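Work through the exercises below with the sequence and the structure open beside you. Try each task before you read its solution.

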Amino acid sequence: MKTPEKVAYIKGLMDGMALDTTKNENKILAEVVSVLEELAAANCALTEENIKLRDYIEEIDEDLGALEEFCYDLDDDDFDYIDDDDYDDEDEYEDEDYSDEDDE
């Protein structure tokens, strides 16, 4: 029996007992059952959201696994198209002055 069903059972017991809710002790019981109903509904909503998030995380994990397989199965020869000499000229652009003095 799930929580909302248990709370409904307790509420049914209270209704079946025909408690007088004008008495203080019965007011408290009625409010406790009301709070239990709200908590059970919130718990169900959180459980559903948790299931959705878990499924989403599993999908991301599978995608990451496929990406890792793709990346780690490559040989070093697969990166021959990248020429390291293309990146050695970093200082070339630092010497030039790009100020707006010529515009005046």
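Buried means under 20% relative accessible area, exposed means over 50%, and partly exposed lies in between, with a 1.4 Å probe and protein chains only. The model is predicted, so that local features need pLDDT of at least 70 and side-chain atom pairs pLDDT 80 or more, while totals for chains, interfaces and linings use all residues. Residues are numbered from 1 along each chain as its sequence is written, and side-chain values use heavy atoms, without hydrogens and water.

**Exercise 1.** Describe the secondary structure and the burial of the chain.

*Solution.* Begin with the DSSP runs, where a helix (H or I) needs at least four residues and a strand (E) at least two, numbered from the N terminus. The chain comes to 2 helices and 0 strands. Then turn to burial: of the 104 residues, 5% count as buried.

**Exercise 2.** Find the salt bridge, which is a side-chain nitrogen of Lys or Arg within 4 Å of a carboxyl oxygen of Asp or Glu, and classify its two partners by accessibility.

*Solution.* The structure holds 1 salt bridge, and Lys11 forms it with Glu37, the closest N and O atoms being 3.4 Å apart. This pair links distant parts of the chain, since Lys11 lies in helix H1 (residues 3-17) and Glu37 in helix H2, 26 residues apart. Lys11 has 34% relative accessibility and therefore counts as partly exposed; Glu37, with a relative accessible area of 32%, is partly exposed.

**Exercise 3.** Locate Asp61 and decide whether Asp61 is buried or exposed.

*Solution.* Asp61 lies in helix H2, which covers residues 24-72. Its relative accessible area is 52%, and therefore Asp61 is exposed.
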